[in-house]
Amino acid sequence: MSTITVDKINKTFGQLKAVDDVSFEVNPGEIFGLLGPNGSGKTTSIRILLDIYKADSGSVTVLGGPMNEEKKNHIGYLPEERGLYQDIQLEKCLTYMATLKGMTKEAIAAKLPGYLEKFDLTDHKKKKLKELSKGMQQKAQLIATLIHDPEIIIIDEPFSALDPVNTQLVKDLLIEQREAGKTIVMCTHQMNQVEMLCDRIVLVDYGKVLLYGDLQEIRKKFTSNQVLIETSGQLPENIPGVAEIRDEGTRTRLIPEKGVLTQELLKTLIAHGVPLNAFEIAVPTMDEIFIEVVKGGNNYHE
Amino acid sequence: MNKTFEVAKYEYTRHVSKKGFWIGLLALPIGLLLLIGLSMLMSATSIDKSPVGFVDQSGLITLKPGTADTSGLFSENVQLIAFSTVEEAAKAADATQIQAYVVIPENYLTSYKLSYYFNKPINSVIRDNISDFLRANLMEGESVPNLERIQTSPDFVSQSLDGTMTSSPNQVAKIFVPLVIGMLFFFVVIMSGSYLLQAVVDEKENRTMEVMVTSVSPNELMTGKILGNISVGLTQLILWAVVAFILATVFRDRVPWLFELDLAFKDVAIPVLLLLPAFIFTAALMATLGATVTSTEESSQVSGLVIMPMTIPYYFVVTFMEHPNGVLSKILSYFPLSSPVATTMRMAFTNLPTAEVVAIFISQILFAVFSLWLAGKAFKAGMLHYTKRIKLIDIFRKEASHA
């Protein structure tokens, strides 16, 4: 059973149709990518999901029913607009935030030190938020999102302002949460992170769903018979069956003529004596799929 | 409700744990104490308490002046010394044995004039000592009840012919109540209101709105903020009241009128009861304004809109005296920003029917509830407009009905 079901929601602000008939489901134990260009309706969809906005039509089901005050304790939300009380100490701020998520003082005292340690913030717990770097504040916000052990985690650009070490830390944490059966909705523009973390995605633009489904299935669907090769030798100018040769730095992309199979292409390259270090089917990156879908504006539902 | 309490607790401790709060809290009573102490010290040290002579030419003085204890810094005694002749007294004054002498003339009982000859001008301590001594001599032999009868002035208990307006010796006390109520109202509203505006604007400036409303409902958040910040103002007020009470008790003989106020329970209870919904209404109104602006600077500009109407009853004191049941007086006692002061003023000049007091009280509770609802609505409408000031009309738009 889905943890979140969004069913044909619509939202208009004045003349602007921000969300147009958007539907998707998110299941327990998965990281779900909510993708789209800036201003595509992602944040509005999340706000409807969290009952910050009311949808003009359509419905949202969270944890088996409509959103209510009690369910807020089971959701961890890291919004796009980051915000913590700048003028108070980190420890006090996180304690207050956790209290508002229904945690008892004892539970906070038991969990907070571990999180501060994990995010390397123990030495800074008595500092005011405004004295911390942007990256530290981002980590503090992540603690506020996760400390109450929410069933649903909604995070918007979780890797912004983080260095590679902390990016890896957050990635590990998200994977850990997924393995614990949590439902994770992640908004990000970093498509490499989507490829690495997301199980399923929905891609919206102009408020409409353009792409929705299993990430690997989508990538397969966008896979053509193009191949990527690495060679230590010189490629002949014309290769039979190859329509275009594209240099991509260390690799070369071969775009076959229509009807030419990958196996035939491999045979041709060997027959021409091309020394191959690598030969692989060119599965499109999420970046490429994103650009293709957003520019094309077509619907590619699973 | 639990989260409302948590928000209120956070707001309260946030202010109370700041050094600035305690400095502000203690500055007034300490400043007041220093001022009182300094003025008393200056007064005590500036008054010359060296002996004063007197020459009785009237034969009215039969008692011997007692030995005055002038040792204490704040002693208000002066030693009086009797001289037989003016020459003897003048000689003693020249020799600075006495600072001055007073001559009680033969015709004192017809002229009631004393002649005072001095090296230093007369002061209140000398005047009181001589007057008391003279009065004691004049009353010598009279019975105590007779003295009371002579010294007690009659009180006028008046009532208008239609029975709506009364005045009594208690009038001063009754006027004193609206003044105090007004001061309490201003203090708490100005203090709590500024904290509250800041607290709401802080949410916007810190961009915490979105996280907060996914933890608590906007109504819980606003109610918590309002209660927490009113409590900060009330804490200051109660502590100041305690200091004022201690000061008044210590200096009881300097403010005897305060302890002689004859107030009925309802004269105090009704204004105090009216203050609570008025606090909530005003605070919620401040919060509503805070939710529509984007910065602290803007918020301080709009707070004047709330504070100004609170002073209205003081402009119409004469109207309250002459027409306590007039239309304007009634309107002002129902208008939430002026209700506590206006109602108390009316109570000072007329017998307010119980039904009307109840009606005013219920209306104020309804206004308070409405203002809390409005504050929650404004918060919802303005919470995600971090950089844009919203209009009051926007609060009621459909898009504003977020949650």
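The questions and answers below concern a predicted model with chains A and B.

Reader: How many Å separate the centres of domain 1 and domain 2 of chain A?
Author: Chain A is divided into domain 1, residues 4–220, and domain 2, residues 224–282. Taken over C-alpha atoms, the separation of the two centres is 42 Å.

Reader: Which element gives the most to the side of chain A that touches chain B?
Author: The contact takes 22 residues from chain A and 19 residues from chain B. On the side of chain A, the elements giving two or more residues are strand S5 (75–78) and helix H2 (90–100). The one that gives the most, with three residues, is H2(A).

Reader: How do the residues on that side of chain A divide into nonpolar, polar and charged?
Author: This side belongs to a contact with 22 residues from chain A. By class, the division is twelve nonpolar, three polar and seven charged.

Reader: Is H2(A) mostly covered or mostly uncovered, and what do its buried residues pack against?
Author: H2(A) is mostly covered, with eight of its eleven residues buried. Those buried are A:Leu90, A:Cys93, A:Leu94, A:Tyr96, A:Met97, A:Ala98, A:Thr99 and A:Leu100. They pack against helix H3 (105–118) and helix H4 (134–146) of chain A, together with H1 of chain B.

Reader: Which residue takes a positive phi just after H2(A)?
Author: H2(A) spans residues 90–100. Just after this helix, a positive phi of about 90° is taken by A:Gly102.

Reader: How does H11(B) lie relative to H16(B)?
Author: The axes of H11(B), residues 265–292, and H16(B), residues 339–349, come within 9 Å and cross at roughly 160°. Angles over 145 degrees count as roughly antiparallel. H11(B) is therefore, relative to H16(B), roughly antiparallel.

Reader: What is the handedness of the crossing of H11(B) and H16(B)?
Author: Among the residues that meet are B:Ile270 and B:Leu274 in H11(B) and B:Pro340 and B:Met347 in H16(B). The contact has seven nonpolar, three polar and one charged residues. The crossing is right-handed.

Conventions: Residues are numbered from 1 along each chain as its sequence is written. Chains are lettered from A and ligands numbered from 1 in the order in which they are written. This is a predicted model: local features need pLDDT of at least 70, side-chain atom pairs count only at pLDDT 80 or more; totals for chains, interfaces and linings use all residues. Domain bounds come from an automatic or database domain assignment. Two residues are in contact if their C-beta atoms, placed from the backbone, lie within 7 Å. Helices (H or I, at least four residues) and strands (E, at least two) are DSSP runs, numbered from the N terminus. Ala, Val, Leu, Ile, Met, Phe, Trp, Tyr, Cys and Pro count as nonpolar, Asp, Glu, Lys and Arg as charged, and the others, Gly among them, as polar. A residue is buried if 20 or more other C-beta atoms lie within 10 Å of its own, exposed if 12 or fewer, and partly exposed in between; C-beta atoms are placed from the backbone. Axes are lines fitted to C-alpha atoms, for helices over the stretch in contact, and angles run from 0 to 180 degrees between N-to-C directions. Angles under 35 degrees count as roughly parallel, over 145 as roughly antiparallel, 65 to 115 as roughly perpendicular and the rest as oblique. A crossing is left-handed if the near helix is turned anticlockwise from the far one by less than a right angle, and right-handed if clockwise.
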